[in-house]
Amino acid sequence: MKKAFRLLLLLFTLLFLSFGSTTVFAQDYEPSIGQQGKDVIWVPTPNELIEAMLDAAGVTPDDFLIDLGSGDGRIVIAAARRGAKALGIEYNPEMVKLSKRNAEKEGVSILASFVEGDIFESDFSQATVITMYLLPDLNKKLRPTLLDLKPGTRIVSHAFTMGEWEADQTIHKEGRTAYFWIVPAKVDGFWKWQEGPEPVTLRLTQNFQKIEGDLTVKGDTWPILNAELRGDQINFTWGNQNYSGKVDKDDIRGMVQSQNGDIEWTAARTLQAEK
Ligand SMILES: C[S@@+](CC[C@H](N)C(=O)[O-])C[C@H]1O[C@@H](n2cnc3c(N)ncnc32)[C@H](O)[C@@H]1O
């Protein structure tokens with residue numbers, strides 16, 4: 001009987017030790033800078049730069065930020081501290097668990113969540129802000145998906161550019177650089193509206209957020225000037241008239257300002273130039 005009790009005690013002690021050490025091991029998971037990740041190693045973004053990146057993107061409680069390759073969760077947690085809903089997508093399951101614990105410690109786990117996943121197989125179309133610290137080639141690979149996000153979505157990348165898609169703003173902080181973009185609406189092509197009795201055609205050519213074009217009325221064509229596209233907001237000047245509007249897929253709605261006052265302006269996408 002005594003022997004059986006001793007054996008049972010030994011068994012419980014062994015079980016306790018093994019469970020105990022597993023728990024301690026899981027909680028003590030310490031990532032090391034430079035450790036292998038799926039497509040890129042883990043190197044954390046310094047906190048001062050994170051704040052500058054979130055400032056550039058103007059993150060508010062209305063935002064939903066997604067960090068692509070979220071590491072230990074610091075960008076997601078910083079966004080949640082500003083009241084934004086934030087999600088980290090991270091391939092390494094240990095980093096995901098660590099991020100969740102970090103968010104709990106910071107008291108932001110209601111707003112900050114993390115999923116284990118591959119950024120190249122994840123849907124991040126609901127984001128209003130995307131952050132990333134990847135590699136130039138990975139940024140380029142993601143570029144078509146990023147350009148298909150809702151116009152106006154803000155993107156901030158630590159260290160790496162997006163190739164020919166020039167940044168709208170460059171952020172410098174303590175020897176580090178980050179780049180900021182606003183996803184431009186797709187406006188390339190022809191647009192038409194009536195100016196009094198006259199039909200008007202606007203031809204736009206677009207290179208990412210850069211646009212230029214010309215306007216045809218009564219068979220005469222003149223270039224537009226000061227053309228700007230920022231997210232879904234378009235502005236240009238033609239003669240003494242300033243056009244400004246919001247692009248919504250195949251429509252632009254806004255105002256034309258001139259010496260004669262302001263009038264409403266609505267343009268519709270058309271397939272080809274009308275004579
Ligand atoms: C340079 S770290 C940046 C971490 C964090 N975004 C930051 O700025 O502090 C890149 C992270 O991406 C993760 N990663 C690499 N390839 C990935 C992939 N295909 N899908 C999801 N995460 C990935 C790595 O494990 C690593 O944690």
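Modeller: Gladly! Let us begin with a term we will need: a residue is called buried if its relative accessible area is under 20%, and exposed if over 50%. Please keep in mind that this is a predicted model.

Colleague: Thanks. Is Trp-165 buried or exposed?

Modeller: Trp-165 has a relative accessible area of 0%, so it counts as buried. Trp-181 is buried too, with a relative accessible area of 0%.

Colleague: How should I read a pair of aromatic rings?

Modeller: A pair of aromatic rings is described by the distance of the centres and the angle of the planes. Here, the structure holds ten aromatic pairs. One of them joins Trp-165 and Trp-181, with 5.9 Å centre to centre and 50° between the planes, which makes the pair tilted. This pair links distant parts of the chain, 16 residues apart: Trp-165 belongs to the loop between strand E5 (154–158) and E6, while Trp-181 is in strand E7 (residues 176–182). Ring pairs also bring Tyr-179 and Phe-208 into a cluster with Trp-165 and Trp-181.

Colleague: Which charged residue lies over the face of Phe-120?

Modeller: That is Lys-141, at 4.1 Å from the ring centre. In another case, the charged end of Lys-38 sits over the ring of Tyr-91, 5.7 Å from its centre.

Colleague: Now the sheet. What is the order of its strands?

Modeller: The sheet is open, has seven strands with mixed pairing, and runs E3-E2-E1-E4-E5-E7-E6. Within it, Leu-68 stands opposite Ile-89 in E2. Helix H4 (residues 93–105) packs on the sheet, where it touches E2 and E3, and its direction makes about 170° with that of E3.

Colleague: And how do I read a core?

Modeller: In soluble globular proteins, nonpolar side chains tend to be buried together. In this model, the largest nonpolar core has 28 residues, and Leu-65 and Ile-171 have the most contacts inside it. H2 gives the most to this core, with seven residues. Looking beyond neighbours within four places in sequence, Ile-171 is in contact with residues including Leu-49, Met-53, Val-156 and Phe-180. There is also a second, separate core of 23 residues, with Met-132, Leu-142, Leu-149 and Met-162 among them.

Definitions and conventions: Residues are numbered from 1 along each chain as its sequence is written. This is a predicted model: local features need pLDDT of at least 70, side-chain atom pairs count only at pLDDT 80 or more; totals for chains, interfaces and linings use all residues. Side-chain values use heavy atoms; hydrogens and water are left out. Two strands pair if DSSP finds at least two bridges between them. Helices (H or I, at least four residues) and strands (E, at least two) are DSSP runs, numbered from the N terminus. Contact means heavy atoms within 4.5 Å. Axes are lines fitted to C-alpha atoms, for helices over the stretch in contact, and angles run from 0 to 180 degrees between N-to-C directions. Rings of Phe, Tyr and Trp (its six-membered ring) pair if their centres lie within 6.5 Å; planes under 30 degrees apart count as stacked, over 60 as edge-to-face and the rest as tilted. Buried means under 20% relative accessible area, exposed over 50%, partly exposed in between (1.4 Å probe, protein chains only). A charge sits over a ring if NZ of Lys or CZ of Arg is within 6 Å of the ring centre and within 35 degrees of the ring normal. A nonpolar core is a set of buried Ala, Val, Leu, Ile, Met, Phe, Trp, Tyr and Cys residues joined through side-chain atoms within 4.5 Å.
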